[in-house]
Amino acid sequence: MSSVLRMTRVGVERLRVLPGFFGSLGVVLLLLAVIVVAPIVLTTRIALAGSLTALVQELNDERLLHALLVSFRSAAFGALLGTSFALPTAWVLARYQFPGKDILSALVDIPLALPTAVSGITLAYLYSPSGAIGRSLESWGIQVAYQPAGIVLALVFVTFPLAVRVIEPVIAQLEEAPREAAATLGASDIRTFLEVTFPELRRSIVVGYALAFARGVGEYGSVIFIAGNMPMQTEIAPLLIVTRLEQFDYGGALAIAMIMLIFSVCVLFGLSMFEQRASRGGA
Amino acid sequence: MTRASSTVTMGSSAWIVTSIVGVFLTVLLGLPLIAIFMEAFSEGWGAFFAAFADDHTIAAMKLTIEVVLWTLPIVTIFGLAAAWLLSQFRFPGRALIVALIDLPLTVSTVVYGLMLVLLFGRNGTLSGVVAFFGFEVMYATPAIVLATVFVTLPIVAREMMPTMQERGSSEELAAMTLGASPVRTLVFVTLPALKRALTTATLLALCRAVGEYGAVSVVSGKVRGRTNTASLQVDALYNDYDLQAAFALSALLVCVALIPLVFKVVQAGRRRAQGRLAPLSQGESQ
């Protein structure tokens with residue numbers, strides 16, 4: 001580990017005194033290598049072992065492109081709705097004290113805790129035309145289940161807590177002074193929020209949206225039960241991977257998987273750089 | 001410590017916002033929960049318990065317990081090591097490790113399942129190696145455990161990091177100065193201090209492990225009574241139009257999922273009770 005040896009003097013000093021650096025580094029690197037890095041590297045090698053043109057040819061497929069479009073479009077829209085709901089929720093949880101707040105806070109975590117298949121069948125059950133909510137929506141002429149709207153609904157359900165948990169701590173850390181100053185200078189509540197509070201929260205909102213979007217693109221269990229799964233219309237990319245696998249069309253499955261994998265890695269490193277730049281910029 | 005304004009006296013607009021959020025959360029998140037239990041008990045207690053007498057359901061629950069028992073120690077040890085490493089040390093490559101730990105949160109679980117199929121399935125890259133050692137990975141418990149470990153990997157690490165960061169390392173340094181070995185320090189100083197946070201983190205990992213569906217559905221082969229986990233069995237029952245049984249099993253899984261949430265609510269209540277007492281005891285000591 002030559003890079004470790006290039007540590008700053010303070011770091012080296014700390015290393016000599018505080019135990020567990022090499023032990024914990026070893027455990028972390030070993031498990032990351034076996035569970036995360038090796039499968040990704042080996043799979044990428046398989047993808048590149050065949051001719052690259054064959055891989056590109058797999059992508060030139062109407063059904064595949066539609067599935068990717070459905071996934072990315074629903075995730076973009078679901079994350080937008082989820083983040084918009086997350087902002088007031090995070091505000092209430094971070095700033096107000098009221099009876100039942102702990103329960104409300106626990107409710108937010110429910111989609112993260114529920115098995116995705118359970119979320120999936122429950123949403124389908126509630127929002128299908130014969131379900132409790134679906135029936136009343138039907139009388140308004142709105143169909144959710146087995147429509148593109150159903151996919152978005154499932155994604156809002158699953159990704160909303162991610163955004164709340166990113167934005168909430170930032171709101172909790174807000175100082176009161178700038179808002180009091182704005183109020184003293186005669187700004188309305190709405191103007192104070194838009195011009196003082198929102199800029200302070202912008203970074204966390206971007207991070208929350210990105211996490212929700214990335215999770216939404218890959219989400220499977222909670223979506224497939226309510227999606228309808230019609231090719232070209234409501235078939236999501238992860239489902240098409242499973243379908244191709246069941247037909248032993250490994251090349252087709254791998255082509256979709258590589259697109260999604262590259263996307264996940266890009267989001268992750270984009271966020272990592274975004275946060276590093278932000279912390280270096282000081283705030 | 002500069003206290004941020006966490007307790008603002010609530011004006012009327014604050015109550016309006018809170019009520020809207022409350023109604024929204026109840027409809028979006030609360031109703032599904034109620035629906036699960038209503039459907040599970042729609043045919044009475046007898047039918048509810050009868051759902052768990054099914055051989056395939058029993059086998060699925062056993063498999064899930066087995067998978068969880070394999071997964072939890074691995075991800076807990078990983079999480080503790082990662083949280084200690086990342087909260088106490090600054091070193092080159094740290095950002096890369098953070099990104100790799102977060103990767104399972106953004107990679108589709110189905111994509112990971114596909115990777116395991118390509119590596120361990122028939123003609124897979126590593127299937128020769130595995131066959132040499134004479135055990136089955138694909139469409140068997142090892143693949144299910146591997147998939148579950150992948151999706152659960154970030155949870156303990158992410159939960160423990162803020163706690164360890166806040167705690168610092170002065171207690172460990174004191175123990176070392178007094179001549180304790182690193183292992184002794186870990187067992188007698190670090191772990192007891194982190195008991196609560198570690199319990200919450202492990203419970204959350206348990207939740208995620210029990211609930212994993214996408215990756216497991218790809219690698220398990222979904223053989224009923226043999227490689228179906230509880231989550232997959234919910235899917236199987238639902239596809240059989242046996243709604244009552246599907247929701248009965250779901251209700252059980254929901255109860256498992258609620259354990260960490262209830263634990264958190266109780267902890268929050270206890271912390272608040274302690275917070276109310278704290279100023280008084282400080283006053284006494286002065």
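A residue is called buried when its relative accessible area is under 20%, exposed when it is over 50%, and partly exposed in between. The model is predicted, and those cut-offs are applied to its residues in what follows.

A network of salt bridges links A:R165 and A:E168 with A:D109 and B:K264. Side chains of opposite charge can pair when their charged atoms come close. The side chains of A:D109 and B:K264 meet in a salt bridge at 3.7 Å, N to O. This pair crosses between chains, running from helix α6 of chain A (residues 101-113), which holds A:D109, to helix α13 of chain B (residues 243-285), which holds B:K264. A:D109 has 9% relative accessibility and so counts as buried, whereas B:K264, with a relative accessible area of 31%, is partly exposed.

How many salt bridges are there between chain A and chain B? The count is 1, and over all chains it comes to 16. Polar contacts across the interface of chain A and chain B amount to 4 residue pairs, with both residues at pLDDT 80 or more. On the side of chain A that touches chain B, helix α3 of chain A (residues 21-49) gives the most, with 16 residues. By class, that side of chain A has 67 nonpolar, 14 polar and 7 charged residues.

In terms of residues, 88 of chain A are in contact with 94 of chain B. In terms of area, the two chains bury about 8000 Å² between them, and 79% of that lies on carbon and sulfur atoms.

Chain B can next be taken by itself. It has 13 helices and 0 strands. Its C-alpha atoms fill a box of roughly 70 × 55 × 30 Å along the principal axes. Of the 286 residues in chain B, 52% are buried. Among its contacts between residues at least 6 apart in sequence, 71% join residues at least 24 apart. Chain B exposes about 13500 Å², of which carbon and sulfur atoms supply 65%.

A salt bridge inside chain B joins the side chains of B:D102 and B:R158, at 3.0 Å, N to O. The pair links distant parts of the chain, 56 residues apart: B:D102 lies in helix α4 (residues 94-106) of chain B and B:R158 in helix α7 (residues 141-167) of chain B. B:D102 is buried, since its relative accessible area is 14%, while B:R158 is partly exposed at 47%.

Two places in chain A remain. Helix α13 of chain A (residues 237-246) is mostly covered, with 9 of its 10 residues buried. Among them are A:P238, A:T243 and A:R244. Just after this helix, A:F248 takes a positive phi of about 60°. Is A:Q57, by contrast, buried or exposed? A:Q57 is found in helix α4 of chain A (residues 52-59), and because its relative accessibility is 61%, it counts as exposed. From A:Q57 to A:T192 the separation is 135 residues in sequence and 53 Å in space, C-alpha to C-alpha.

Technical notes. Residues numbered from 1 in each chain as written. Chains lettered and ligands numbered in written order. Heavy atoms only, no water. Contact = heavy atoms within 4.5 Å. Buried area = accessible area lost by both parts, 1.4 Å probe. Salt bridge = Lys/Arg side-chain N within 4 Å of Asp/Glu carboxyl O. Polar contact = N/O pair within 3.5 Å; in protein donor to acceptor, adjacent residues only side chain to side chain. Helix = DSSP H or I, 4+ residues; strand = E, 2+ residues; numbered from the N terminus. Nonpolar A, V, L, I, M, F, W, Y, C, P; charged D, E, K, R; others polar. Buried < 20%, exposed > 50% of the residue type's maximum accessible area, 1.4 Å probe, protein only. Areas by Shrake-Rupley, 256 points an atom, 1.4 Å probe, with all protein chains shown as cover.
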